[in-house]
Amino acid sequence: MEFKELPPVKDQIMKCVRCGKCRSVCPVFAEIRNETAAPRGHVFMVQMLRDGIVEPDEAVAERLTTCLLCETCSVNCPSGIDIHELNAAARSYIYEKNPSLAKELVFDSLWTRPGLLRTSTKFLWGAQKTGLQSLARAIGLTKILPGDLPRAERMLTNVPVRSGRSQVSEINPARGERKYRVGYFLGCATDMFHPSVARATVDILTWHGCEVIVPRDTKCCGQPHIANGKMETARSLAAHNVKIFNSYDLDYIVTDCASCSAALSHKNMKFLLGGLKIEDQAMAFSEKAMDLTVFLTEVLDIEVPNAEIARKVKVTWHDPCHLANAQGVKQAPRELLKRIPGVEFVEMANANSCCGGSGTYCITHHDLSMKILDKKMERAMETGASKLVTCCPSCIMQLNFGAQRHKWNAEVVHIVDLLSPFYKALPKKAASQ
Amino acid sequence: MEVKDIRNQLVKMLGRDKVLTEELDLMYYSYDSSFLTKLEPGKPTAVVLPTSTEEVQKVVRFAYENDIVIVPRGAGTGETGGCIAFKGGIVLDLSNWDEIVEIDASNMQVIVRPGVIHARLNEALAKYNLFFPPDPGSSQMCTVGGMVANNASGLRAVKYGCTEQYILGLEVVLSNGDVMMTGGMNARVIKNVSGLNLTKLMVGSEGVLGIITQIRLRCWPKPKARGIAMAVYDNLDDAPATVLEVYQAGILPSGIEILDSSAIMAVNQFKPEINLPDAEAILLIEVDGNPPSVDYEGNAIAEIAGQRARSVEWATDPKRMAELWEGRSVTATAAARVRADGSRIFAGEDISIPLSKVADVLRAIRALGNKYGIKVVNYGHIGDGNVHTAPVINPENPEEVEKVLQLVHEIHLLAIEMQGSTTGEHGVGAVRRQYAELEHGLAVEYMKGIKQTFDPKGIMNPEKLF
């Protein structure tokens, strides 16, 4: 579809009255503090692109990509404009006119092939261990990669040897009587960086009576591609995943990654695949898809077992933008935390403000990302919690780095990590609850 | 002077971080919230982001010596094109300069720099049980400097008045770079009638006389309690009649807002949970003060309004009050929801009319909408006769644009004919200056004379106001 004909570009630009409400909520504007970073400014610039007043070049892309795509502006826009979709559409349009070999290598050749991506991850791990990364840095290899990577690479730590996928079966029977057949969308970041979360997710779901299917050919959800102007690749990835999951007779599709659940949502599927042949299949897929926190609290309505092993722990919650803004899910994770024995939950101020991680943003805009992170960490530390909990691998990476940066002696964990011990302690053949 | 040289000189003066010179960056400063700048954006020659009086002085002196236009800008939330350099020039983006210099609680005053956001100021003052009462709908994003330059007010002007009533003194950088202190800028007094009142002259001068760089504001004690009455009317005339009867009962509410049927629909479409009832008009009447007086006045208002209204709801529950008030505060942009393929525009949006003629004017505006085939949403501060009209059009359809420009022209003429004004609180800027002669007659010549005194070279935000 032509750029001008994309629904947000065609229908929404004219709705912007430039009231400036978005200036008051945008975390990036709060740092850059001039109009070039205002979300309404991005809408204006997309309009200039559409009307051919500016060229689709790197200079425009540079301005548009200061945006985190955190969607804070979109959810606060009184005119109801999906500003992040406009921005993403413009990035894609600009990329099409200015293709880049480096991006094709990363986003088309690598990030569309789970096996290759995992191998690369292992290499990265090996490189850390053997000092190859230092060598690469020494010869300037990291400099050919985008943005602030040379400074951002210090964020890469502890890449596990074994992927999540290698530790879970394709078909995992329900323990006890089966209630639902659930497709588990195992996202790239959970797979590579948090394999224990993948294992625990399967354990939790099966314990609560779900047969869990982990399709072997699941590909990336496409979020990194959308953010980096690779919309066409994101479309083909989404279409692939829709077909794969629809080939099973599933009751629900869940994921433990907030970014993935946003990508699988009705809204994003409409954005990517609306108007295409596969639209109906995509809508059927997204109707079944939801974040794990929603599934556990609203569908399964779980009671966490084995409460006697609980230890008291004070936790606070960080709302991933892809959960709170993109899907409007704020209550479910809090409800889930309250159900975990021993947990004392304390709300942090502005828990739904962005951490500045935003996938590859912490690499491409490292310094800006750190300023946004610092504000987040100040509010997190004020809570006095010993664990900072969230459900987005990208946020975890960023917040972990924030904890180190601020010498904060708290652990940053996925919500599944908090649940996991209660299920590890169970006998293998426990009855379904 | 060549554009390139202007830019280089500014960078030399303020440093690379405080000057925008790239063409793309300058485009972002070609708009505010006015419909005019959607049709005719105005790109500046350069944008500077000063954060000290000395930096403003340097830039203004440079502009004076080289005959370069200077246009001050706050958050760019204005609706008149007032902060736009339509023919080039240097835009001073003052929104970065957001220091609260001093809260002098014992003298009920605060000193701020122009970029302080209205809502942030009131958050800071709340710690001292103080507040700066004017309450624009754009509180979360507009700057106090912009409020002073436009003499803004808002939803509570009926009781608390406009910005000008709270300005004790100003620091102003004049067109030649000199710094002038007006009124009590250097004093700490509340009463001060010494000298000609240059402070009042500067408030609402929209940047045509000088650049406001520091503001001494008077604060008021923050009321302890609030309540909101919502009265629902089947007959439009009953709404202004209630307002008059409330006044006659000796009650001065802190806000009296009206939403007509089109505004009710817009609010409900935007936030269904607010769930306003279908009606010809809704009045939202807010009272504030001490708890016993709020209760007394709220009950009295409910009784008075109940004589004409279909129903009256009196709320003191903070959640419900916030919903009702939020419904009103989002109307400005939620108006677009009445037409799926439309957008509200900010034009002809701020007329002020006598209270006795509110119902007639609302009907006349609806009739004008019908005449041009354009949906209009009406809402506003009925307590002081300030009506906000939101035409909803497809702004990218040239025929609709042509029609709406005629419509808003007629709305402005209607206001003058009804013994009103073309603007109650948003200001004149570029969009309403054509009505200056009609509204002010001979006074415009004296306004021009005053400008000539302050700005002999005509570099300060030219072609605005008159």
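**A friendly note on the two-chain model**

1. Two residues are in contact here if their C-beta atoms, placed from the backbone, lie within 7 Å. In chain A, residues 24 or more positions apart account for 79% of the contacts with a separation of 6 or more.

2. Some housekeeping before going on. This is a predicted model, in which local features need pLDDT of at least 70 and side-chain atom pairs count only at pLDDT 80 or more, while totals for chains, interfaces and linings use all residues. Residues are numbered from 1 along each chain as its sequence is written, and chains are lettered from A and ligands numbered from 1 in the order in which they are written.

3. Chain B contains 17 helices and 19 strands, and chain A has 24 helices and 9 strands. Along the principal axes, the C-alpha atoms of chain B fill a box of roughly 65 × 60 × 45 Å.

4. How much of each chain is buried? In chain B, buried residues make up 54% of the 466 residues; in chain A, they make up 51% of the 433 residues. A residue is buried if 20 or more other C-beta atoms lie within 10 Å of its own, exposed if 12 or fewer, and partly exposed in between, with C-beta atoms placed from the backbone.

5. Next, the core. The largest nonpolar core has 273 residues, and those with the most contacts inside it are B:Ile70, B:Ile90, B:Ala231, B:Ile282 and B:Leu283. The largest share of this core, 8 residues, comes from H6(A). A nonpolar core is a set of buried Ala, Val, Leu, Ile, Met, Phe, Trp, Tyr and Cys residues joined through C-beta atoms within 7 Å. Leaving aside residues up to four places away in sequence, B:Leu283 touches B:Ala231, B:Ala239, B:Thr242, B:Ile256, B:Ile258 and B:Ala305.

6. Helix H6 of chain A, residues 83-97, deserves a look of its own. From first C-alpha to last, this 15-residue helix reaches 22 Å, close to the 21 Å expected at 1.5 Å a residue; the expected span is 1.5 Å times one less than the number of residues. H6(A) is mostly covered, with 13 of its 15 residues buried.

7. Where the chains meet, 29 residues of chain B and 22 residues of chain A take part in the contact. On the side of chain B that touches chain A, helix H2 (23-27), helix H13 (331-334) and strand S16 (343-344) of chain B each supply at least two residues. That side of chain B divides into 15 nonpolar, 9 polar and 5 charged residues. Ala, Val, Leu, Ile, Met, Phe, Trp, Tyr, Cys and Pro count as nonpolar, Asp, Glu, Lys and Arg as charged, and the others, Gly among them, as polar.

8. Chain A holds an open sheet of 5 strands in the order S1-S3-S2-S4-S5, with mixed pairing. Strands S1 (171-172) and S5 (289-291) of chain A stand at the edges with a single partner strand each, so one side of each is left without a neighbour in the sheet. Two strands pair if DSSP finds at least two bridges between them. S2 (residues 180-184) and S3 (residues 210-213) of chain A run parallel, joined by 4 bridges, and A:Val182 stands opposite A:Val212 in S3(A). S2(A) also pairs in the parallel sense with strand S4 (residues 252-255) of chain A, over 3 bridges.

9. Which loop holds A:Glu71? A:Glu71 lies between helix H4 (58-64) and helix H5 (72-76) of chain A. A:Glu71 has a positive phi of about 75° although it is not a glycine, and counts as buried with 23 C-beta neighbours inside 10 Å. B:Asp67 is another non-glycine residue with a positive phi, near 55°, but B:Asp67 is exposed, with 10 other C-beta atoms within 10 Å.
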